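Please read the numbered points with the sequence and the structure at hand.

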Amino acid sequence: MQAKTTILSLPTEEFVHPGTRACTGCGLAIAYRVGLKALGKNTILVVPPSCLTVLQGLFPVASTKLPCLNVTFASTAAAATGILATLKSQGKTNIQVAAWAGDGGTSDIGLQALSGAAERGENFIYLCYDNEGYMNTGVQRSGTTPIGAITANTPFKGKLQQKKDVPAIMAAHHLSYVATCSAAYPLDLYDKIVKCKDMPGTKYFHIHIPCPPGWGYDPRYGIKVGRLAVETGYYDLYEIVNGEFKLTAASEKLVEKRKLVPVREYFRAQSRFKILTDEQIADIQNQIDAKWAAYYKKDE
Amino acid sequence: MGTRNYKRKTSHSENGPGDGGRTGSWRVERPILDKSLCIPCKRNKEACFICWLFCPEIVISRTIPPKIDLEYCKGCGICAEECPTKAIIMVDEAEFSKEDKE
């Protein structure tokens, strides 16, 4: 088991330049920066249209120091497969291919390409950053928008449907590594990426990203909101290594403590959940409690 | 047309800072570091650096004392919020004179 990375042992080399087009207080910028540190210098990135394309910049300036291929929405995983095939034909084996896509580009539009690549067992890391909506086009609902969230096309009642559980879909492909992370816990993200680098086949990451304009909170509370999502048990951090499920980092500690922060605090910190009634919140709280009761039972 | 002129037809960006311009002009509040409260400054050795880890814009350096690059700092205030000793406070930009801004 590798030692946990601390702030002082985190590499200081940066792969992102300052002065990006990302919004003030963007959670993605934190996760992207730490994620690239973990992936390292020998990495080729594949990015479909998403907030990350905004962050990476317009021609002729790019904010990322690594080579990056910008592709169409539906072809992220297919393009990564193509790069892998090229690297193989050129005999380059030490280069890591990483696809970074948004939640819309993963759960809605890019899912079939990703599913195909995962089934073929292509050797790359797929990182989905989940800001729970199509944020860069003006906050529209996506497959991973949670129930009750107000978006541009669910403006009055909020989204009526449940959030799509993409990590579970990917785990059903029997991948060697599936993990969920959060921008509020960047060191956990770093450790997980370093851990999975040498594993065979497709590796899938789901990263929870607080988004100030889309979620409706003051940018300075970005990390606090991300942390609340984990501490309330609303979003759990786990990894599935060869089919073996294990809670990690802050979520693992919650099981030890047997105590969750009321989910109400997470909802009331953001304006997108303002139409949720107390009954609806109580309902969601019951679902979370049931989920965690199962975790507690497993721990005993 | 073929692929002979393909090289000229691709758009390929060079990396560099300031893709979004001088993003410091987005700032409404400016982070000010109080060295007497900052943990690495007080101990005079590498410690804490939470502000460096959580800065989305990579404008806080991992040095003693931490330096903030105001040319690109967007003033989100995450550093002020996450600092365990509250050594960074956010001050309204209007309080700084015009010359100081340039």
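1. The term pLDDT denotes the predictor's confidence in each residue, on a scale from 0 to 100. The model under review is predicted. For chain B, the average pLDDT is 85, and 83% of the residues score at least 70.

2. Helix 1 (residues 6-9) of chain B has the lowest confidence, with a mean of 57, whereas helix 3 (residues 50-54) of chain B has the highest, at 94. For the model, the scores are ipTM 0.90 and pTM 0.92.

3. Two packed helices are described by the angle between their axes and the distance between the axes. In chain A, helix 1 (residues 27-39) and helix 7 (residues 186-196) pack at an angle of about 30°, and their axes are 9 Å apart. Because angles under 35 degrees count as roughly parallel, helix 1 of chain A is described as roughly parallel to helix 7 of chain A. The crossing of these two helices is right-handed.

4. Which residues of helix 1 of chain A meet helix 7 of chain A? Helix 1 of chain A contributes Ile30(A), Ala31(A), Val34(A), Gly35(A), Lys37(A), Ala38(A) and Leu39(A), which meet Pro186(A), Leu189(A), Tyr190(A), Ile193(A) and Val194(A) of helix 7 of chain A. The residues of this contact comprise ten nonpolar, one polar and one charged.

5. Helix 10 (residues 249-257) of chain A has buried residues, namely Ala249(A), Ala250(A), Ser251(A), Leu254(A) and Val255(A). These buried residues pack against helix 7, helix 9 (222-231), strand 9 (244-247) and helix 12 (278-299) of chain A. After helix 10 of chain A comes Arg258(A), with a positive phi near 60°.

Notes. Residues are numbered from 1 along each chain as its sequence is written. Chains are lettered from A and ligands numbered from 1 in the order in which they are written. This is a predicted model: local features need pLDDT of at least 70, side-chain atom pairs count only at pLDDT 80 or more; totals for chains, interfaces and linings use all residues. Side-chain values use heavy atoms; hydrogens and water are left out. Axes are lines fitted to C-alpha atoms, for helices over the stretch in contact, and angles run from 0 to 180 degrees between N-to-C directions. Helices (H or I, at least four residues) and strands (E, at least two) are DSSP runs, numbered from the N terminus. Angles under 35 degrees count as roughly parallel, over 145 as roughly antiparallel, 65 to 115 as roughly perpendicular and the rest as oblique. A crossing is left-handed if the near helix is turned anticlockwise from the far one by less than a right angle, and right-handed if clockwise. Contact means heavy atoms within 4.5 Å. Ala, Val, Leu, Ile, Met, Phe, Trp, Tyr, Cys and Pro count as nonpolar, Asp, Glu, Lys and Arg as charged, and the others, Gly among them, as polar. Buried means under 20% relative accessible area, exposed over 50%, partly exposed in between (1.4 Å probe, protein chains only).
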